[in-house]
Amino acid sequence: MIVYRDAVPADGPALSAMAARCFTDTFGSMYRMEDLRAFLDETFGEHLPSHLCDPDYRVQLAVEDDAIVGFAKTGPVFFPGDWDAQTIELHQLYILGPWQGTGVAPELMRWAMDSAREAGFTRMVLSVFVDNIRAQRFYARHDFAEVGTYAFRVGETIDDDRIWACTL
């Protein structure tokens with residue numbers, strides 16, 4: 001049975017490991033190993049755990065048998081552009097492979113959108129890799145649409161990401 005709950009600072013190590021595994025499983029073959037390691041260390045080893053103590057971020061976990069199988073993280077928008085104060089970013093929505101297609105992602109998306117609305121946000125933005133068609137279909141089902149491009153950097157590799165947005 002999957003339990004959904006807010007992340008707490010003590011979840012940091014397990015969440016970092018899960019996020020790094022999920023990113024590597026999905027995109028790891030696209031990057032040089034040293035670039036991937038540096039990205040994972042900074043993004044999930046440093047930033048993600050620190051965000052669990054930062055009131056500007058919210059993280060919801062999907063947990064089964066005491067193991068994190070998915071999570072969603074929202075927070076301030078860091079994309080270039082003119083984003084107003086009522087816009088929030090969905091930084092990550094990660095689900096481990098065996099739990100994809102089981103309803104975890106829609107539940108975490110519902111949480112992200114509902115909690116953003118409750119906090120007074122009127123728009124949500126995210127980035128998605130241009131070739132990640134499965135994710136794009138998922139976001140489209142949740143009323144997101146492409147609004148721009150974003151150069152997503154992992155070391156020397158610059159990915160072609162698309163910025164998607166929806167009205168909350």
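User: Where does A10 sit?

Analyst: A10 is in the loop between β1 (2–6) and α1. Keep in mind that this is a predicted model.

User: Buried or exposed, that A10?

Analyst: A10 is exposed, because its relative accessibility is 69% and the cut-off for exposed is over 50%.

User: And how far is A10 from P49, C-alpha to C-alpha?

Analyst: The separation is 8.8 Å. Along the chain, A10 and P49 are 39 residues apart.

User: Where is the kink in α2 centred?

Analyst: On D41. The kink is about 25°.

User: Which residues of α2 are buried?

Analyst: They are D35, L36, F39, L40, T43, F44, L48 and H51.

User: What do those buried residues pack against?

Analyst: Two kinds of element. The helix is α1. The strands are β3 (67–75), β4, β6 and β7.

User: What about G28, where is that?

Analyst: G28 lies in the loop between α1 and α2. G28 is buried, because its relative accessibility of 12% falls under the 20% cut-off.

User: Which residues does G28 touch?

Analyst: F23 and L36, leaving out residues up to four places away in sequence. L36 is also one of the buried residues of α2.

User: Switching to strands. Where's T74, and is it buried or exposed?

Analyst: T74 is in strand β3. T74 is buried, at a relative accessible area of 3%.

User: What is T74 in contact with?

Analyst: Setting aside neighbours within four places in sequence, T74 contacts D56, Y57, R58, I88, E89, L90, H91, W111, A112 and M124. W111 and A112 from that list are also among the buried residues of α3.

User: Tell me about α3, then. How many residues, and how far does it reach?

Analyst: α3 has 15 residues. It reaches 21 Å from first C-alpha to last, close to the expected 21 Å.

User: Which of its residues are buried?

Analyst: In α3 they are V104, A105, L108, M109, W111, A112, M113, S115 and A116.

User: What follows α3?

Analyst: G120 follows, with a positive phi near 95°.

User: Which residue other than glycine has a positive phi?

Analyst: D143 is one, with phi near 70°. D143 sits in the loop between α4 and β6. D65 also has a positive phi, about 50°, and is not a glycine. D65 sits in the loop between β2 (58–64) and β3.

User: Why point those two out?

Analyst: Because most residues other than glycine have a negative phi.

User: Are D65 and D143 buried or exposed?

Analyst: D65 is exposed, at 68% relative accessibility. D143 is exposed too, with a relative accessible area of 62%.

User: New topic, the largest pocket. How much space lies in it?

Analyst: About 1300 Å³.

User: How many residues line it, and which lie nearest its centre?

Analyst: The lining has 45 residues. Nearest the centre are H91, Q92, L93, Y94 and S127. H91 is also one of the contacts of T74.

User: Which elements give two or more residues to that lining?

Analyst: The helices are α1 (12–27), α2 (33–51), α3 (104–118) and α4 (133–141). The strands are β4 (87–95), β5 (123–129), β6 (145–154) and β7 (157–167).

User: How does the lining divide into nonpolar, polar and charged?

Analyst: There are 26 nonpolar, 11 polar and eight charged residues.

User: Last bit. Where's N132?

Analyst: N132 is in the loop between β5 and α4. N132 is partly exposed, at 21% relative accessibility.

Definitions and conventions:
Residues are numbered from 1 along each chain as its sequence is written. This is a predicted model: local features need pLDDT of at least 70, side-chain atom pairs count only at pLDDT 80 or more; totals for chains, interfaces and linings use all residues. Side-chain values use heavy atoms; hydrogens and water are left out. On a 1 Å grid over the protein atoms alone, a cavity is a set of points where a 1.4 Å probe fits but cannot get out, and a pocket is an open set with protein on both sides within 12 Å along at least five of seven lines; lining residues have an atom within 4 Å of a point. Grid points are joined across faces, edges and corners, and a volume is the space filled by probe spheres set on the points. Helices (H or I, at least four residues) and strands (E, at least two) are DSSP runs, numbered from the N terminus. Ala, Val, Leu, Ile, Met, Phe, Trp, Tyr, Cys and Pro count as nonpolar, Asp, Glu, Lys and Arg as charged, and the others, Gly among them, as polar. The bend at a residue is the angle between axes fitted to the seven residues ending there and the seven starting there. Buried means under 20% relative accessible area, exposed over 50%, partly exposed in between (1.4 Å probe, protein chains only). Contact means heavy atoms within 4.5 Å. The expected span of a helix is 1.5 Å times one less than its number of residues.
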